[in-house]
Amino acid sequence: MSVTLEFRDVCYCIGGNLVLDNLNLRIVEGCTLVLLGRSGSGKTTALKMLNGLLFPSGGQVLVDDRATTDWDLIQLRRSIGYVIQEVGLFPHFTIGENVALVPRLKGWPPDRIAARVSELLDQVGLEPAQFLDRYPRQLSGGQRQRVGVARALAAEPKLLLFDEPFGALDPVTRVELQDQFLALRDRLRKTSIFVTHDVREALRLGTEIALLHRGRLEVLATPAEFVKSSGPEARAFLSTL
Amino acid sequence: MIPPYLLQEMAQLTGEHVVLVLVSMAIAVAAGFPLGVLLTRRAALRTPLLGFANVMQTIPSLALFGFLIPIPFIGGIGKRTAIVALVLYALLPILRNTLAGILGVDSAVRESAIAMGMTGRQLLWQVELPLAAPTILAGVRIATVTTIGTATIAAAIGGGGLGVFIFRGIASVDTTQILAGAIPAALLALLSDGGFSWIERRVSVS
Ligand SMILES: Nc1ncnc2c1ncn2[C@@H]1O[C@H](COP(=O)(O)OP(=O)(O)OP(=O)(O)O)[C@@H](O)[C@H]1O
Ligand SMILES: [Mg+2]
């Protein structure tokens, strides 16, 4: 599938709050859109609409030119690699079983799954021999986050949704994983949406940056244009550099 | 020591008691567990069903056995009525703990399971139930231990079991008879409690 994503006049209301206010965005194949915004600006909400965890109260969210309401959600979700903000590893599964989840749901043969799991743990910097049989509670927060990333990548999804996946990492590992993310994107041309509240990360990873403020799209720009933006919210973010 | 004339009857009544408890618990689990799962999916049913089970628990057991006697089909004198009453008592802890165990699963875990593309059934069997198992088991444990005790009252309506000794002992002011019923019942309760705690330890390795 050639992935294009689109938010078309999307509003989202919950508990009397307008969390997303008339959001219009288009993401073309192979791009990385960074959703930047302060806490509570609606980033997670927007992301959850792309794999049908939430549906718009008004407007449409389209994946491959088809509204999420018309998708077979199980199929859609299995074709998307999603790192949720709280990581959400299964506490009763080993690290190996956690990473193997989507390939197993998709019915891959066991030897292919095993090879894939080891490859991924290597990629995120977790020695497979040491980590495969551990349980999530035996890992540090940053290690769990990396397992979350490995799990999202496991079934070779075309589309990646990352919700602050590197939040709990030390700056060195963080840059390492950002590099891997860039390499992965350039090599496999994966379309991705990356949520962060860190401008530095946004400038580094995004081909485009969408700045959300109280559910509204304030700025949509390439990193080069973004640093020149003059809006107050953009300036506020840029001043943290 | 135990008078020999009691031994044979003790063995027989203990057997009856165990059967009474096993049958009641089997039915209570077979009904309570799926109902508990249903309640996690249908919030609207929670108040009426839990309310019903709650009310059942508050009826004194002797009174409940009495109420059931005149009811056709499920009532009357004998084992069947006793089992109906025991099931009604055991329902609440099983129902409540199944519900609490599943609702207690970390919402981030549930959300990631859904986001990974698990079907409702896969979510239930591979994620929610394994994580809720210790809580559900604790409910079955409480229900079983209580049922072992309550089942002694079944003798009042001809249900048999160790209560036969106790009621006979009370009627004839014979402490030996009372103890012949009470001690095996207490031992059964301790034994099953120990058995469950062993299973719980095995289940909650993760
Ligand atoms: N279920 C809900 N009920 C009421 N309000 C909600 C609900 N879910 C989210 N909100 C509100 O929607 C707004 C946006 O939430 P969202 O999770 O999208 O923010 P975010 O940009 O991801 O923030 P963060 O960076 O802190 O993760 C918040 O103000 C939040 O309080
Ligand atoms: Mg968020």
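The structure is a predicted model, in which local features need pLDDT of at least 70, side-chain atom pairs count only at pLDDT 80 or more, and totals for chains, interfaces and linings use all residues. Side-chain values use heavy atoms, with hydrogens and water left out.

D186(A) forms a salt bridge with R185(A) at 3.4 Å, N to O, a salt bridge being a side-chain nitrogen of Lys or Arg within 4 Å of a carboxyl oxygen of Asp or Glu. R185(A) is buried, its relative accessible area being 12%. By this rule, 18 salt bridges are counted over all chains.

A salt bridge also pairs K48(A) with E111(B), with 3.2 Å between the closest N and O atoms. This pair crosses between chains, from helix α1 of chain A to helix α5 (residues 107-115) of chain B; helices are DSSP runs of H or I of at least four residues, and strands are runs of E of at least two, numbered from the N terminus. K48(A) is buried, at 17% relative accessible area.

The magnesium ion (ligand 2) has T44(A) (OG1) and Q85(A) (OE1) as its protein donors, 1.9 to 2.3 Å from the ion. Donors are N, O and S atoms within 2.8 Å of the metal (3.2 Å for Na, K and Ca); sites may look incomplete because water is not among the atoms. Q85(A) is partly exposed, with a relative accessible area of 33%.

Technical notes. Residues numbered from 1 in each chain as written. Chains lettered and ligands numbered in written order. Buried < 20%, exposed > 50% of the residue type's maximum accessible area, 1.4 Å probe, protein only.
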